[in-house]
Amino acid sequence: MEININTEEKILPTEVMEEIKKPKIAIVSLTSCEGCQFALLDLGEKFLEAMSLVEMVDFRLLEDEEDAGEPIDIGFVEGNPMTAANKKTLMELRKRSKLLVVIGNCAAMGGIPEIRNYHEKQQTVKHVYKYIQGIETEEVREVDNFVKVDFTFPGCPITGEEFLKYFPILLANVKGEGELPTIPDSPVCVECKKKGNRCLLLDKKPCFGPMILGGCDAVCPTSRMGCQGCRGLRPTGNVKAMKMTLKTMMTDEEFENTTEIYGLKDDIEDWEKEHGEK
Ligand code: SF4
Ligand code: SF4
Ligand code: SF4
């Protein structure tokens with residue numbers, strides 16, 4: 001029997017009507033440590049509350065039902081498209097999603113796996129696998145090299161509270177209400193100062209904070225560890241000045257090694273090319 005759910009007469013109860021209208025989302029993982037997905041689960045009830053606004057079509061950490069591949073409103077993707085299977089998953093996710101949202105440093109900047117790009121591939125693989133036959137060792141490339149990205153939650157891992165802040169704005173956007181969100185161009189230093197921390201640079205301890213996009217509550221400098229840039233460069237950060245300052249505190253090799261940790265190295269190179277510094 002055909003049921004007309006669009007009728008004004010409300011044949012179905014309000015709760016069912018609401019359920020039907022909920023935006024559909026999927027949280028998909030490529031090659032990753034899954035830490036960003038756990039940052040979401042760590043939100044506990046707040047995460048469940050946010051998820052009550054949507055219909056979850058796929059989230060491997062919460063359910064093991066087969067994803068039927070239906071069209072969705074927002075596809076969230078974590079990790080690197082490192083294998084042929086990953087690339088296929090990513091392409092399919094893009095095709096079926098109104099918005100594609102990247103979660104985490106690996107997907108956005110190459111992350112820790114990108115360290116492999118800077119070192120001889122087979123040697124790196126040998127450290128992990130005894131038998132390397134059949135192991136795919138392609139260059140690590142960020143998600144936006146393969147598909148259009150609509151929004152990025154930066155960080156390693158992402159900040160749960162930041163997810164809760166922008167998630168409703170993304171939902172409104174898919175319903176045609178409002179623009180996509182933008183993370184304010186503010187350095188880690190702003191949050192660091194708010195916490196009353198003594199600046200590490202004053203003690204000649206390297207910290208990348210001034211050129212890095214804030215929003216992580218300055219967790220590293222608050223633990224007296226220099227920011228290593230997991231959230232990526234600020235759009236208006238002065239990379240040249242920052243690099244000169246840092247190189248008074250660290251050797252060229254230490255600087256290079258630090259920028260390799262979260263895939264910052266190629267972003268700095270791109271900045272330098274764009275600004276005629278290379
Ligand atoms: S960004 Fe960090 S926490 Fe997230 S998947 Fe990559 S390594 Fe794991
Ligand atoms: S410790 Fe780092 S993040 Fe904090 S104010 Fe100094 S440079 Fe900025
Ligand atoms: S302080 Fe820097 S390295 Fe630490 S979480 Fe924030 S952006 Fe990432």
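For my helix pairs, axes are lines fitted to C-alpha atoms over the stretch in contact, and angles run from 0 to 180 degrees between N-to-C directions. I am working on a predicted model.

**Entry: α11 and α12**

I started with helix α11 (residues 252-261) and helix α12 (residues 264-274), whose axes come within 6 Å and cross at roughly 110 degrees. I count 65 to 115 degrees as roughly perpendicular, and the two helices are therefore roughly perpendicular to each other. Next I looked up who meets whom: α11 brings E256, T259 and E260, while α12 brings L264, K265 and I268. Sorted by class, this contact has 3 charged, 2 nonpolar and 1 polar residues.

**Entry: the two sides of α12**

Which residues of α12 are buried? I found L264, K265 and I268. They cover an arc of only 105 degrees around the axis, which puts them on the same side of α12. On the other side of this helix I noted K273 and E274, which are exposed. I then followed the buried residues of α12 to their partners, and they pack against α5 (105-109), α10 (239-246) and α11.

**Entry: around ligand 2**

How many residues surround ligand 2? I get 14, and the closest are C189, C192, C199, C207 and G209. Helix α8 (residues 188-194) gives the most to this shell, with 4 residues. By class, I have the shell down as 11 nonpolar, 2 polar and 1 charged residues.

Conventions. Residues numbered from 1 in each chain as written. Chains lettered and ligands numbered in written order. Predicted model: local features only at pLDDT ≥ 70, side-chain atom pairs only at ≥ 80, totals over all residues. Near = placed C-beta within 6 Å. Nonpolar A, V, L, I, M, F, W, Y, C, P; charged D, E, K, R; others polar. Parallel < 35°, antiparallel > 145°, perpendicular 65-115°, else oblique. Contact = placed C-beta atoms within 7 Å. Buried ≥ 20, exposed ≤ 12 C-beta atoms within 10 Å, placed from the backbone. Arc of directions from axis to C-beta.
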